[in-house]
Amino acid sequence: MILTCAIIDDEPLAAGLLESYAKKTPYLNLTGTYNSAVTAMRDLREHPVQLLLLDIQMPELSGIEFAKILPHDTKVIFTTAFPQYAVEGFKVNALDYLLKPVSYQDFLQATDKALDWFSVVQKQQTYERDRYLFVKSDYKLQRIALDSILFIEGLKDYVRFYLTSGERVMSLMSMKRLEDYLPRPEFMRTHRSYIVHMPKVSSVDRLRLVMGPELYIPISDNYKDDVMNYIEQHTLT
């Protein structure tokens, strides 16, 4: 996967260093380097990039202010010489924060995080569009339609898919990885050991989701707010 990226920094030396890093990183396609957010504004509106390396403290328009008007699909890695801006940066959903002078190792760590984020999003979109996935089970790849999933149970290093047909499919993978890939909020983590296909819930009994006769999935405190929010949004009163 190749990510389109741009750099905005009003310090020529800092911008030049980031540019040299981007040009030697195989998965980055640098489309522009700008000395201010104002000069970059028109180009990035007409030709959005996936990843923006953005200085925070700049004249006319700060990086924080500019991040707030970027397209939703553009992710930001902030660069700055002032560590006190870190909290502000994460408030606008920055992927990472690099403190100047930026080393290539830190640059790679941050951009690798961006690559992982976009890879996950790409798979999410594919699963949501095509409505199926393949998982490794019993030395083969098993096709599972999303609409056939009732819920998923985590069992240490394995997960077990419970399907509407009554079939159960075991696969070696983590619950966290699976949770990242499945479309939300259609699939929700309700407990450390369970991910539920919410349209398949037949009723809610206290802090349990009823999936069928004598089939109850618990809702733990860690996930209760998100789950009950979803239920409330679908409740007619």
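Reader: Which residue forms a salt bridge with Glu 186?

Author: In this predicted model, the closest N and O atoms of the pair are 2.7 Å apart. The pair links distant parts of the chain, with Glu 186 in the loop between α6 and β11, and its partner in the loop between α5 and β6, 55 residues apart. The partner of Glu 186 in this salt bridge is Arg 131.

Reader: Is Arg 131 buried, partly exposed or exposed?

Author: Buried means under 20% relative accessible area and exposed means over 50%, with partly exposed in between. Glu 186 has a relative accessible area of 17%, so Glu 186 is buried. Arg 131 has a relative accessibility of 22%, and therefore Arg 131 counts as partly exposed.

Reader: How many residues apart in sequence are the parts that Asp 9 and Lys 100 tie together?

Author: The side chains of Asp 9 and Lys 100 meet in a salt bridge, at 2.8 Å from N to O. Asp 9 lies in the loop between β1 and α1, whereas Lys 100 lies in the loop between β5 and α5, so the parts that this pair ties together are apart in sequence by 91 residues.

Reader: Which residues are linked with Asp 9 and Lys 100 in a network of salt bridges?

Author: Asp 9 counts as buried, at 2% relative accessibility, and Lys 100 is buried as well, with a relative accessible area of 16%. The network of salt bridges that holds Asp 9 and Lys 100 also includes Glu 11 and Asp 55.

Reader: With which side chain does the side chain of Glu 153 make a polar contact?

Author: Glu 153 is found in strand β8, which spans residues 149-155, and Glu 153 counts as buried because its relative accessibility is 14%. Among the residues that Glu 153 touches are Val 159, Arg 160 and Met 175. The polar contact, at 2.6 Å, is with the side chain of Tyr 162.

Reader: How many residues does the largest nonpolar core have?

Author: Nonpolar side chains tend to be buried together in soluble globular proteins. Here, the residues with the most contacts inside the largest core include Ile 8, Leu 44 and Phe 66, and β1, α2, β3, α3 and β4 each supply at least two of its residues. Another core, with Leu 3 and Phe 107 among its members, lies apart from it, while the number of residues in the largest core is 20.

Terms used
Residues are numbered from 1 along each chain as its sequence is written. This is a predicted model: local features need pLDDT of at least 70, side-chain atom pairs count only at pLDDT 80 or more; totals for chains, interfaces and linings use all residues. Side-chain values use heavy atoms; hydrogens and water are left out. A nonpolar core is a set of buried Ala, Val, Leu, Ile, Met, Phe, Trp, Tyr and Cys residues joined through side-chain atoms within 4.5 Å. Buried means under 20% relative accessible area, exposed over 50%, partly exposed in between (1.4 Å probe, protein chains only). Helices (H or I, at least four residues) and strands (E, at least two) are DSSP runs, numbered from the N terminus. A polar contact is a pair of N or O atoms within 3.5 Å; within protein, one must be able to donate a hydrogen and the other to accept it, and residues adjacent in sequence count only if both atoms are side-chain atoms. Contact means heavy atoms within 4.5 Å. A salt bridge is a side-chain nitrogen of Lys or Arg within 4 Å of a carboxyl oxygen of Asp or Glu. Lists of a residue's contacts leave out its neighbours within four places in sequence.
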